[in-house]
Amino acid sequence: MTPLHGLKLLDLSRQLPGPFCSTLLGDLGMDVLVVTSPTDTFGMGIPFLARNKRSMTLNLKSAEGRAIFLRLVDEADVVLEGFRPGVTTRLGIDYAALSARNPRLIYCAISGYGQTGPYRDRVGHDVNYLGFAGVLNFIGEQGGPPIIPGVQIADIGAGSLMAALGIVSAVVARQHTGRGQMVDIAMMDGAVFWNVYHLLMHQLGQNPQRGAMQLTGRFPCYTVYETSDGRWLTVGAYESHFWATLCRHFGRPDFIDTQFDEGRREEMLAFFRDRFRQKSLADWVAELGDMEICFGPVSTLDEVYDDPQVRHRGMLARGAHGVQLGSPIKLSDTPAGPRTPPPLFGQDTDAELTRLGFDAAAIARLREAGTI
């Protein structure tokens, strides 16, 4: 038994935030039916975000396609969409219309700026949301430009994760109220919320600056170092006892009491940069890997595949269906994770229509008309 077994989700989303969200919910047992336009060229998208899902094609711009979708909504627990605000209203499948048919429906909309507010109708991408939220202002070196992170923080962290939590929370609330509700997720909102550390510093009267904070690589205890083979390693000896262990190991106990001393910062950085360039990354991993200094390599993707911790936790593997990405949510009694492989695009269309009462001739007619 999976924790979300028996709950049905209709996924209308196409870009990264929505499919990532429905993958999390599908791993936890929710029955996810991806409903896509028959002319969509994206197919099922990223394969490992299509596992545990079924695929149906449906033209929601046609009256008959919308009528079929509404019949699916009557049976659904959740609808997830990632359109720009106003699109589903024009299609007649917005929250107001769907909840009138199914008051228990939970409707989650993921958008850049939310369903309300002065930015509601603006277009955007991850970099824009991070910029508005002030997150991008703190990524990069002091005196240098903001650096765009290589992972989609706003899309996934501020969008997908917040949406999944919002949906599950609405499911729990429905157990008490008997009613569904609208879950309005704005990636900019989530990014503002993720900026908690710098907001705290600001509230305490400090003036946080890019590259000038303790956790941004400015100080030698918390930064990255290059090795002799052109690779990089991480040191996160932030707490004083970790820093002391690092300093003693390198024969510099005089650094212990000057961890955040601006006057000695450049001297200490120069020392550790020079020392770390004297050995290869593999040598440092062997020497420091088990020491209590908060140390680790900057791994390539091939190294992540082979990492013993990643393998032990079942997080990443190469399988018959390509990359197999495990679930990060580990439940002792109702485990989450991949159960079924990614479907072919539209492979469940006929089965869903048959279940709704359409015979073979009717299905053929719908396909000829471009409805499916």
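# Close-up views of a predicted chain

View 1. In strand E8, Gly-236 is the bridge partner of Tyr-222. E7 and E8 (residues 232–236) run antiparallel and share five bridges. Two strands count as paired if DSSP finds at least two bridges between them. Helices (H or I, at least four residues) and strands (E, at least two) are DSSP runs, numbered from the N terminus. The two strands make a hairpin with five residues between them. Gly-230, in the turn, has a positive phi of about 75°. This is a predicted model, in which local features need pLDDT of at least 70 and side-chain atom pairs count only at pLDDT 80 or more, while totals for chains, interfaces and linings use all residues. Residues are numbered from 1 along each chain as its sequence is written, and side-chain values use heavy atoms, with hydrogens and water left out.

**View 2. E8 also pairs with E9.** The pairing of E8 and E9 is antiparallel, over three bridges. Leu-233 has its bridge partner in E9, at Pro-297. Cys-294 sits in the loop between helix H11 (281–288) and strand E9 (295–297). Its phi is positive, about 60°, although Cys-294 is not a glycine. Cys-294 is partly exposed, with a relative accessible area of 35%. On this scale, buried means under 20% relative accessible area, exposed over 50%, and partly exposed in between (1.4 Å probe, protein chains only).

**View 3. Gly-211 in the loop between H8 and E7.** Gly-211 belongs to the loop that links helix H8 (196–203) and strand E7 (222–226). The residue counts as buried, because its relative accessibility is 6%. Neighbours within four places in sequence aside, Gly-211 is in contact with Gly-140, Glu-141, Gln-142, Thr-216 and Arg-218. Contact means heavy atoms within 4.5 Å. Lys-330 is 119 residues away along the chain, and its C-alpha atom is separated from that of Gly-211 by 35 Å.

View 4. Strand E2 (residues 31–36) pairs with E3 in the parallel sense, over five bridges. Thr-36 has Thr-57, in E3, as its bridge partner. E3 (residues 53–57) is mostly covered, with four of its five residues buried. Asn-52 lies in the loop between E2 and E3. Its phi is near 55°, a positive value in a residue other than glycine. Asn-52 is buried, with a relative accessible area of 5%.

**View 5. Ser-55 within strand E3.** Ser-55 is part of strand E3. It is buried, at a relative accessible area of 0%. Beyond neighbours within four places in sequence, the contacts of Ser-55 include Leu-33, Val-34 and Met-44.

**View 6. The largest nonpolar core.** This core holds 35 residues. A nonpolar core is a set of buried Ala, Val, Leu, Ile, Met, Phe, Trp, Tyr and Cys residues joined through side-chain atoms within 4.5 Å. Cys-21, Leu-25, Met-30, Cys-108, Ile-110 and Ile-167 touch the most other members. Elements giving two or more residues include helix H1 (17–27), strand E5 (106–111) and helix H6 (153–177). H6 supplies the largest share, seven residues. Apart from this core lies another, of 28 residues, among them Val-35, Leu-58, Ala-109 and Leu-353. In soluble globular proteins, nonpolar side chains tend to be buried together.

**View 7. Cys-21 and its surroundings.** Neighbours within four places in sequence aside, Cys-21 is in contact with Leu-80, Ile-110, Ser-160, Ala-163, Ala-164 and Ile-167.

**View 8. The whole chain, for orientation.** The chain has 15 helices and eleven strands. Its C-alpha atoms fill a box of roughly 80 × 45 × 40 Å, taken along the principal axes. Of the 372 residues, 45% are buried. Contacts between residues at least 6 apart in sequence join residues at least 24 apart in 64% of cases.
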